[in-house]
Every structure is written in C-alpha cells, then in structure tokens.
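Here's a quick look at a pocket and a few ring contacts. Have the sequence and the 3D view open while you read.

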Amino acid sequence: TYDVRQVESNYEFLASYNQKFGQLALDANFGGNVRRNDYSSLDNGTKGGLVVPDFFNLANSKVTPFYFATTRTKKIVRSLYGSVDLNWNNTLIVNGTLRNDWSSALPVNNNSYLYPSIGASFIFSKYIDKSLPWLSFGKIRATWAEAGSDLDPYRLNLLYGVGSNQFNGNILMTTPDRAIDSNRVPQLTKSIEAGIDLRFVN
C-alpha cells in the first residue's frame, strides 16, 4: 500500500489604497503571507509473498518484518510584499513590486531574500492618430523583474534513512550519498521583457 498526504496552509493579509490626483491614479497594496507545506508518505508491503493466498494483509507476509518506509517533511515560508501602480490619463502606466521571503529551508543567516520588479507601458497612438489614421492602437511596454526561490526541506543536513531491514536485531540505516553545503544562499533569477502592441483599422 502507498499513502501520500500533502497539505498547504496559507495565512495572509492585504491592505489596499486607491486615490486619484487629477489625471494621475494611484493604486497601492501591502500584504503578508505565511505558507506552511506538510508532506507525509507511508509505503508498506509484504515480503516473500503471502502465507495464505489472496489474503492481503501485512500480517500475512511470509517474511517478517515486512517492508515499510515513511517520509515526513515540513517547510514554512513567511513573506511581506507590496505593489504600486501609477496611471496617468490611461496613457503612461508605471508599476512596481517588492517582496521579501524568509524560508525555513535555508540557513538561518541566509534565509531572507528580497526581489523587486518594475514595468512601464506607454500608449503612443493617442498622439499620432491624425498622422497615422490607419493605426487604431499602439503601445510599447517593458518589464524588469527578479524572482527568488529556496530549497526543498532538509537539504542542509545529512539525513539517515531508517528502514525495515535488520541485522542482529538492529535496524539498518542508509548512509547519505550527497554532499551538503551549509552556506547555500537563495536563488535569484532576473528577466527582462519588452514588446509592442499594434492594432490597425477597427
């Protein structure tokens, strides 16, 4: 038999502010989130076949102890984030975001990572509609962003697996087969995007 349970719990708050100053519209948000991921699995089965045919029960295993394996992991990520959107006359739009995460899967002295983004778009067709009447809509846009990520749980320590096999009455444990770097830092990736949106005669 094999049983897997995955639970993600999120606790968050969000505050918003909207205001218009003449032709300039401001939208701002500030929030926080606590995300907890719990994972558990149970895998067990008989060894050497069944004593009584077609009676599927672990106690019916020809060889004891029967096979079993369990896994449990937990990770918590705490976050604060904010965003600001500025819209001038539905022509020039500038937006920015800023987020900071603290992950339990990273070293204590390197578990915080901050990543921003900024973007802008400009609708230029409003200013050339008379000289280019066949262009009904034109917009240019550009975005620069960073994205942060952490690790899977328990990647910073040597883990010894406990199995069902025994030797002289002692449970055997598997030796880790990977090196551990306790100075791991969060991964940050950068991206740049630009484009143009043109629409012709409606």
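## Rings and a pocket

At 49% relative accessibility, Tyr127 falls in the partly exposed class. One thing to keep in mind as you look around: this is a predicted model.

Tyr127 has a ring partner, too. The count of aromatic pairs comes to four. In one of them, Phe122 and Tyr127 have ring centres 6.0 Å apart and planes at 15 degrees, and because planes under 30 degrees apart count as stacked, that's the label this pair gets. Phe122 has a relative accessibility of 31%, so Phe122 also counts as partly exposed. Here are the two partners side by side:

| Residue | Relative accessibility | Class |
|---|---|---|
| Phe122 | 31% | partly exposed |
| Tyr127 | 49% | partly exposed |

Another ring worth a click is Phe137. What lies over the face of Phe137? That would be Arg199, at 4.3 Å from the ring centre.

The largest pocket holds about 570 Å³. Its lining is made up of 21 residues, and the ones nearest the centre are Thr70, Thr71, Leu159, Tyr160 and Gly161. Two elements each give two or more residues to that lining: strand E3 (67-88) and strand E7 (161-167). Which of them gives the largest share? E3 does, with four residues.

To find the spot in your viewer, head for the centre of the pocket, where Thr70 and Tyr160 are among the nearest lining residues.

How values were computed:
Residues are numbered from 1 along each chain as its sequence is written. This is a predicted model: local features need pLDDT of at least 70, side-chain atom pairs count only at pLDDT 80 or more; totals for chains, interfaces and linings use all residues. Side-chain values use heavy atoms; hydrogens and water are left out. On a 1 Å grid over the protein atoms alone, a cavity is a set of points where a 1.4 Å probe fits but cannot get out, and a pocket is an open set with protein on both sides within 12 Å along at least five of seven lines; lining residues have an atom within 4 Å of a point. Grid points are joined across faces, edges and corners, and a volume is the space filled by probe spheres set on the points. Rings of Phe, Tyr and Trp (its six-membered ring) pair if their centres lie within 6.5 Å; planes under 30 degrees apart count as stacked, over 60 as edge-to-face and the rest as tilted. Buried means under 20% relative accessible area, exposed over 50%, partly exposed in between (1.4 Å probe, protein chains only). A charge sits over a ring if NZ of Lys or CZ of Arg is within 6 Å of the ring centre and within 35 degrees of the ring normal.
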